[in-house]
Structures are given as structure tokens and as C-alpha cells.
Amino acid sequence: MDKKYVAYAGSYTHESSKGIHIYDCDVAKGRITEREEVAIDNPSFIAFSHDKNFLYSICDQGVSAYAVLEDGSLELMNVASINGMRGCHICVTSDNRFLVVSGYHDGKITVLHINADGSAGFIADEIFHKGIGSVAERNFRPHISWSTFTPDEELLCVCDPGIDQIKLYEFNHVTGKLKLYDIIRSQQESAPRQIEFSQDGKFAYVVCEMKNYINVYSYDKNSDKDRFDLVQNIFTVRRDHKSNSAAANITFDSTGKHLLCSNAGDNTVTIYKVDSKTGKLSSLNSLPISGDYPKYIRLFPDDKHLMSMNNEGNSITIFTVKYDKGLIIMNGPELKISRPNNMIIKELK
């Protein structure tokens, strides 16, 4: 029997979208069909609990928690305040006891308890970043864009493109409290936007938005010196790229052998091969995404097709990926959706 999958896309709602779009996935054909839309104010990011029984969404009021029903539909459980401006990213601890909200607009990191029933709970800790960035036009103050736990979950890595830093916090898994441990200082005016770890946990990959490159770090939790050591800096765009380009989002295939990076402005996706021993990337190709501002990219569960959330183009474009040739080939017409932000996929049981 073929596996069934459902996809969820968050979208801004200040135009025609109502909130979270739910799609049925045809993985073999690499297509999605919209089933319904769940009304919620500006779901700028959505994330699952680790067991995927619950979905958490950013909203204007804080965080909305949903139960994921057997058929993939969503049932609202509650809305919890984050005591700040609307967030832009959510990550969840592996034990599903805490969720972390990154605040771009107010430079604030907020930790929320997750209740036993999966609903969003009260605030466990909240920290405002301080400092002044080097680019007054945009990065004049802290902007937290992304947070990810190290593979051992000892540290929370918080990307702040406003001050060109990734702050590392010790995380207390009992109280949810944060304590500053160290700081990774990225190159000046690089704007580290997102951090992801390799499957074996030995390497970390940081997307630097304004400089259009990826910093690759080795990660060693037992190191006497710095846990993170820079081993590579590689561009995300071609030499003839558009001058107003900004690296946007990275994702790995399920094997960890390939990494893909979308580039806004340039409106491309670059495919890399990953050296599993050194962690280093080698660029295979960079090709047009047929949309405007590919804010987020998502592979189908079989890795054979790629979806691009084109935030300013109001579309999702889908491509067949040929890793051996470094190619993406358009797979069917674009899907219209107003201001898509990100997408997550769940297998139905």
C-alpha cells in the first residue's frame, strides 16, 4: 500500500491568504493538491512536535497549537502569548517539553513550556539580544531569525543577522532557562540567517544572507577549545549573480549527501555535494527557481522533487531533482498561494 502524505504551508495573511494551507501529496508524481485552509493570523513559520502529533504556528497573538488529526486535518488546541512581537521561527525539543520562538522584529528569544496534552504553555524564559549591527539601513539592531539545538541538545544556537552573531546558550531541560555559553562571530555584514547540522552531528552549516555564502563548521562537543571550528566558506550564487541577491534557506536530502540552498533576488537554487568525512561542500549547479523570493525550500519525502515557497511571487514551484547531473527540471505548472513562508510534511498512518 502506498504511503500517504500531507503537507502544510504557512503564509502571510495581509493579502488574500487565510493562514495555513493543507495539501495532499502525490509523492510519485511530485505534485500537491490543496485540500483546505485553516484561518490564522500570519503564520510566518510552522513546525511539528517531534512525534508529529502536534503542529505549532507563529501567529500575531504568539503561538497557536494544533492537534494533527488522523486524516491530517488540524484542530486548534490553544493560543499562547510570547509577550512580544510576532516571531519568525519555531524549534521544539526532542522530548516535546519546550518550544523556542525566534523574534526577528524585537530581537527576542522566547522559551515556552509545552503542556502534557501538547498545547502551548507559559513562558519559561525570554531574552532580548543587545548590540548594534554594522549596516544601519537594515541591521541597525538585533534581529533573531532562527534557532536550532546542537545534536546533543546541550546548546541552543541562535542566529542573529542583525549583529552578525550566533549566540550559544546552555539549555536547562528541566526549567527551560537559557544561559549564555559562547558566541560565534560571523564575518562583518554577513548576516547569519539559519544554522543546520549534518545527520552525524559532526558539522554545522550556516547560511549568511547578505554575503551570499555558507559557513561550514566542524562541531565537537568534547573540544577543550571552541566547539565550532570554521572549515569552509563557500558562495551560494554564481559569479554573475544579481547584485541584490540574498541567501535564503538550506535543506539536506534524506541521505545527507546533498545540500540545497535557495537565493532570493537571484531567484535560484544551488545544489551541493557534501563530503561526509570533511563536511565540505562542492557546488554542482545553480539554476532558476521560476519564482520571486524563494524564502523556503522543501524536498518531497523521496528526495526526487523540490518545492520552492516563492514569498513575493505568490507561488509554489516544483522541480524534479537530478543530483547526478546537478539539475532541477520544472515539474508541472506553478501553484498559486499568497505569500508562502515555509512547508512541513507528515506521513499519515
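This is a predicted model: local features need pLDDT of at least 70, side-chain atom pairs count only at pLDDT 80 or more; totals for chains, interfaces and linings use all residues.
Figure 1. Strands β24 and β25 (residues 305-310) run antiparallel and are joined by 5 bridges. The hairpin that the two strands form has 5 residues between them, and in it Asp303 adopts a positive phi near 70°.

**Figure 2. Asn311 and its surroundings.** Asn311 belongs to the loop that runs between β25 and β26 (315-322). With a relative accessible area of 2%, Asn311 is buried, because the limit for this class is under 20%. The side chain of Asn311 reaches the backbone oxygen of Pro340 at a distance of 2.9 Å. Not counting residues up to four places away in sequence, Asn311 touches several others, including Tyr12, Asp292, Tyr293 and Lys295. Arg339, Pro340 and Asn341 are also touched by Asn311.

**Figure 3. The open sheet β4-β5-β6-β7.** Four strands make up this open sheet, and their pairing is antiparallel. At the edges stand β4 (46-48) and β7 (74-80); each has a single partner strand, so one side of each is left without a neighbour in the sheet. Neighbouring strands are turned against each other by 25° on average, direction ignored. Within the sheet, strand β5 (residues 54-59) runs antiparallel to strand β6 (residues 62-68), and 6 bridges join them. Cys59 is placed opposite Gly62 in β6.

**Figure 4. The open sheet β12-β13-β14-β15.** This open sheet consists of 4 strands with antiparallel pairing. The edge positions are taken by β12 (146-149) and β15 (178-185), each of which has a single partner strand, so one side of each is left without a neighbour in the sheet. From one strand to the next, the twist averages 25°. Strand β13 (residues 155-160) pairs with strand β14 (residues 165-171) in the antiparallel sense, over 6 bridges. Opposite Cys157 stands Leu168 of β14.

**Figure 5. Glu170 in strand β14.** Glu170 is part of strand β14. Its relative accessible area is 34%, and Glu170 is therefore partly exposed. Apart from neighbours within four places in sequence, the residues in contact with Glu170 are Glu154, Leu155, Lys177, Leu178, Lys179 and Tyr181. Ser290 is 120 residues from Glu170 in sequence, and their C-alpha atoms are 41 Å apart in space.

Figure 6. A pair of aromatic rings is described by the distance of the centres and the angle of the planes. The model contains 11 aromatic pairs. In the edge-to-face pair of Tyr8 and Phe48, the centres are 5.7 Å apart and the planes stand at 90°. Tyr8 lies in strand β1 (residues 4-11) and Phe48 in strand β4, so the pair ties together parts that are 40 residues apart in sequence. Tyr8 and Phe48 are both buried. The pair of Phe197 and Phe228 is tilted, because the ring centres are 6.1 Å apart and the planes are at 55°. Phe197 lies in strand β16 (residues 192-197) and Phe228 in strand β19 (residues 228-235), so this pair links parts that are 31 residues apart in sequence. Phe197 and Phe228 are both buried. Ring pairs also join Phe197, Tyr217, Tyr219 and Phe228 into a cluster. Elsewhere, Lys108 lies over the face of Phe128, at 6.0 Å from the ring centre.

How values were computed
Residues are numbered from 1 along each chain as its sequence is written. Side-chain values use heavy atoms; hydrogens and water are left out. Two strands pair if DSSP finds at least two bridges between them. Axes are lines fitted to C-alpha atoms, for helices over the stretch in contact, and angles run from 0 to 180 degrees between N-to-C directions. Buried means under 20% relative accessible area, exposed over 50%, partly exposed in between (1.4 Å probe, protein chains only). A polar contact is a pair of N or O atoms within 3.5 Å; within protein, one must be able to donate a hydrogen and the other to accept it, and residues adjacent in sequence count only if both atoms are side-chain atoms. Contact means heavy atoms within 4.5 Å. Rings of Phe, Tyr and Trp (its six-membered ring) pair if their centres lie within 6.5 Å; planes under 30 degrees apart count as stacked, over 60 as edge-to-face and the rest as tilted. A charge sits over a ring if NZ of Lys or CZ of Arg is within 6 Å of the ring centre and within 35 degrees of the ring normal.
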